[in-house]
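Subject: Structure handover

Hi,

Here is the structure I promised to pass on to you. My notes follow below it, so please read them with the model open beside you.

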Amino acid sequence: MTPAARVQSAIELLDPIIEAARGKGAPADRILAEWFRGHRFAGSKDRRAIRELVYGAIRACGPVPPSGRAAMLGLAEGDPALEALFDGSPYGPAAMQDGEPVAKAGIAPEWLESALAASGIAGPEAAALLERAPLDLRVNTLKASRKTIDLPSEAQPIEAPNGLRLAPGTAVEQWDAYQRGLIEVQDGGSQLTCEAVAAQAGETVVDLCAGAGGKTLALAAAMANAGTLVAADTDRGRLSRLAPRAARAGALVAETVLLDPGRELEALAHWREKADAVLVDAPCSGSGTWRRNPESRWRLTQPDLDRLVSTQARLLEIASELVRPGGRLLYVVCSLLDAEGPDQVATFLASHPGWRSDPPQLPLGNPRGTGVRLTPFHDGTDGFFVARLEKA
């Protein structure tokens with residue numbers, strides 16, 4: 001493919017990505033994968049170049065752009081080499097026209113950018129949300145050690161005690177160490193939130209929002225497969241992926257519990273006031289993960305955020321019923337919005353006098369309210385807020 005044809009292909013891909021973002025449809029990576037399957041003539045270099053153009057354009061746009069062409073024109077502003085490819089050549093994009101729509105730059109839609117600024121995320125802190133993320137691994141201590149593991153690529157240790165960092169796009173899924181369950185892909189910040197749980201062998205630990213089990217597997221390793229680990233979630237599809245992942249990792253999960261929304265405590269009645277620790281990795285805006293999913297910032301609306309905040313409050317209430325006296329509750333969101341982090345915890349503590357805050361001691365992060373916040377700019381991780389609460 002010619003460079004101009006790659007640009008036109010990226011424009012054609014951006015159109016359905018934009019529509020999917022407006023309509024809460026398929027994520028960008030799935031749309032890209034389907035397009036590549038249907039366009040076998042695109043070689044590996046073409047696919048790489050098109051992917052970079054697509055994600056470059058997504059990152060360059062703050063509000064949702066009117067079209068794929070407008071998004072690409074936004075990326076081309078100030079880039080003479082890219083502007084020159086709008087030349088009207090065969091299979092390339094039409095020449096630029098005076099007055100045609102050009103996408104607006106920015107970090108996010110205006111309301112969301114304002115909410116971030118009010119939460120202390122502006123300037124370089126905000127810009128870092130759209131940089132490309134590295135690839136972090138967690139060495140599975142049930143099977144290996146960071147000190148002795150032999151990997152086929154340069155990997156640098158990170159602050160998480162079992163973490164390693166590689167270049168973006170490293171195909172670790174093809175490595176023997178991955179196939180044997182010696183390593184898991186997990187962001188360094190996510191690993192540190194699991195460290196904050198301080199799960200110990202012999203304890204009863206509940207992962208209330210387990211999803212596909214990334215944090216569950218880290219907890220199993222921390223507990224050395226000794227104790228009772230419960231994974232629960234309302235999403236049957238995601239929860240079903242935990243069993244094969246646990247088998248590959250050699251991780252023991254005592255029970256997986258599919259929850260019925262609104263009736264969670266019925267399914268979890270056996271563990272009421274029995275858990276030493278409950279992890280609430282709550283559904284959230286995902287603003288801390290925009291480096292990996294930049295188009296997700298176009299999907300969020302204020303009503304969406306309000307619903308998420310309500311869900312988070314309900315999950316904290318459920319979790320509080322499971323913790324034994326003297327036990328602990330870890331509240332985590334991959335968000336940098338105060339409404340989902342410190343404000344949420346402050347509201348819970350104000351209405352639950354039997355609980356107190358005990359902020360986790362992490363090697364990275366800054367205090368934010370009653371917890372700790374990790375950011376891409378300050379800590380080189382995805383964005384997280386984590387709070388540790390203790391029951392009297």
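Buried stands for under 20% relative accessible area, exposed for over 50%, and partly exposed for what lies in between (1.4 Å probe, protein chains only). Helices (H or I, at least four residues) and strands (E, at least two) are DSSP runs, numbered from the N terminus.

Before going further: this is a predicted model, in which local features need pLDDT of at least 70 and side-chain atom pairs count only at pLDDT 80 or more, while totals for chains, interfaces and linings use all residues. Residues are numbered from 1 along each chain as its sequence is written, and side-chain values use heavy atoms, with hydrogens and water left out.

Back to α4, which spans residues 68–76 and is mostly covered, with eight of its nine residues buried. Those eight are G68, R69, A70, A71, M72, L73, G74 and A76. Just after the helix, G78 has a positive phi of about 80°. D79 sits in the loop between α4 and α5 and is partly exposed, at a relative accessible area of 30%. Its C-alpha atom is 43 Å from that of L182, a residue 103 places away along the chain.

**Positive phi elsewhere**

Most residues other than glycine have a negative phi. Y91 has a positive one, near 70°; this residue belongs to the loop between α5 and α6 (110–118) and is exposed, at 72% relative accessibility. For A198 the phi is near 55°, again positive in a residue other than glycine. A198 lies in the loop between α9 and β5 (204–207) and is partly exposed at 30% relative accessibility.

**Salt bridges**

How many salt bridges does the structure hold? There are 26, where a salt bridge is a side-chain nitrogen of Lys or Arg within 4 Å of a carboxyl oxygen of Asp or Glu.

- E19 and R22 pair at 2.6 Å, N to O. Both are in helix α1, three residues apart, about one turn of the helix.
- D136 and R165 pair at 2.7 Å, N to O. D136 is in strand β1 and R165 in strand β3 (residues 163–166), so the pair ties together parts 29 residues apart in sequence. D136 is buried at 2% relative accessible area, whereas R165 is partly exposed at 24%.
- R328 and E203 pair at 2.7 Å, N to O. This pair links distant parts of the chain, with R328 in strand β9 (residues 323–333) and E203 in the loop between α9 and β5, 125 residues apart. Both partners are buried, R328 at 8% relative accessibility and E203 at 13%.

A cavity is a set of points, on a 1 Å grid over the protein atoms alone, where a 1.4 Å probe fits but cannot get out; a pocket is an open set with protein on both sides within 12 Å along at least five of seven lines, and lining residues have an atom within 4 Å of a point. Grid points are joined across faces, edges and corners, and a volume is the space filled by probe spheres set on the points.

The whole structure has one cavity of 30 Å³ or more. The largest cavity has a volume of about 30 Å³, and its lining is formed by A220, M223, N225, A226, G227, T228, L229 and L252.

The second largest pocket has a volume of about 220 Å³. Of its 15 lining residues, N162, E195, A218, A221 and A222 are the closest to its centre. Two or more residues of the lining come from each of β1 (135–139), α9 (188–197) and α10 (214–222).

Happy browsing!
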